[in-house]
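I opened this structure to look up its helices and its aromatic rings. My entries follow.

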Amino acid sequence: MELFLAPHSLPFAIAAVMLIALTVIEMACLLIGFSLGEVVDKAWPDDMAGLMSWLNVGGVPVLILLMIILGIFAMTGFILQAVASAIWAPLPALIAIPTALAASVPTIRVASRWVSRLVPRDESYAVDLADLVGRTAEVTVGPLDQALPGRVRLKDRYGNWHVLRAKAAAEEAPIAIGAQVLLVDRNSDIFIAIPVPSDLDVPQTS
């Protein structure tokens, strides 16, 4: 705690606090069927994605990449200052910040590549979103009703996972988390779902 609160560790403490805040905000948003990550992805300028492609923007959502950067930068900075303190004295912030950034970049690349294999994206270059209408999915954030969108998860015909925003069709009762649904329509990027009819043979989620 002394290292965390020390003036020479202030930039890294700020990064750690920002990471915690973003995590809490995103979790709270997901509970109400909304994703801060989606907003950041849509607002991210296309020309900036090219400049940052080396860090794997596009392989993971921008918000997740930002959280990886903050976490690794903070951890690297604390380790750097701890080692410097043990050897001689803490580094001034003007030296510690660029040193920690330079040391973090290779780790950020590796970490983002690993995370990209675990985090499903809302979009895939393999299929058009319209092709997902008619497939079954599992409710992961809900229950689905006609109010705020929830989330459903499904696998397309190429084996790519998708996490999509969805609502229950008009006059349908709320659909619980874990239930299997049939995607019957789409309004922009929000899918319309109904419970899977018991006698209907449809493509499965996996």
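I found a kink of about 35° at Ser104 in H6, shortly before the proline Pro106. The bend at a residue is the angle between axes fitted to the seven residues ending there and the seven starting there. Helices are DSSP runs (H or I, at least four residues), numbered from the N terminus.

I noted the ground rules. This is a predicted model, where local features need pLDDT of at least 70 and side-chain atom pairs count only at pLDDT 80 or more, while totals for chains, interfaces and linings use all residues. Residues are numbered from 1 along each chain as its sequence is written, and side-chain values use heavy atoms, without hydrogens and water.

I checked burial in H6. Ala96, Ala100, Ser104, Ile108 and Ser112 are buried (under 20% relative accessible area, 1.4 Å probe, protein chains only). H2 and H5 are among what covers the buried residues of H6, with contact meaning heavy atoms within 4.5 Å.

I then looked up rings. Rings of Phe, Tyr and Trp (its six-membered ring) pair if their centres lie within 6.5 Å; planes under 30 degrees apart are stacked, over 60 edge-to-face, the rest tilted. I got two aromatic pairs. Phe12 and Phe73 have ring centres 5.1 Å apart and planes at 55°, so this pair is tilted. Phe12 lies in helix H2 (residues 10–31) and Phe73 in helix H5 (residues 62–87), so the pair ties together parts 61 residues apart in sequence. Phe12 and Phe78 pair edge-to-face, at 6.2 Å centre to centre and 65° between the planes. I recorded Phe12, Phe73 and Phe78 as one aromatic cluster.

Definitions and conventions. Helices (H or I, at least four residues) and strands (E, at least two) are DSSP runs, numbered from the N terminus. Buried means under 20% relative accessible area, exposed over 50%, partly exposed in between (1.4 Å probe, protein chains only).
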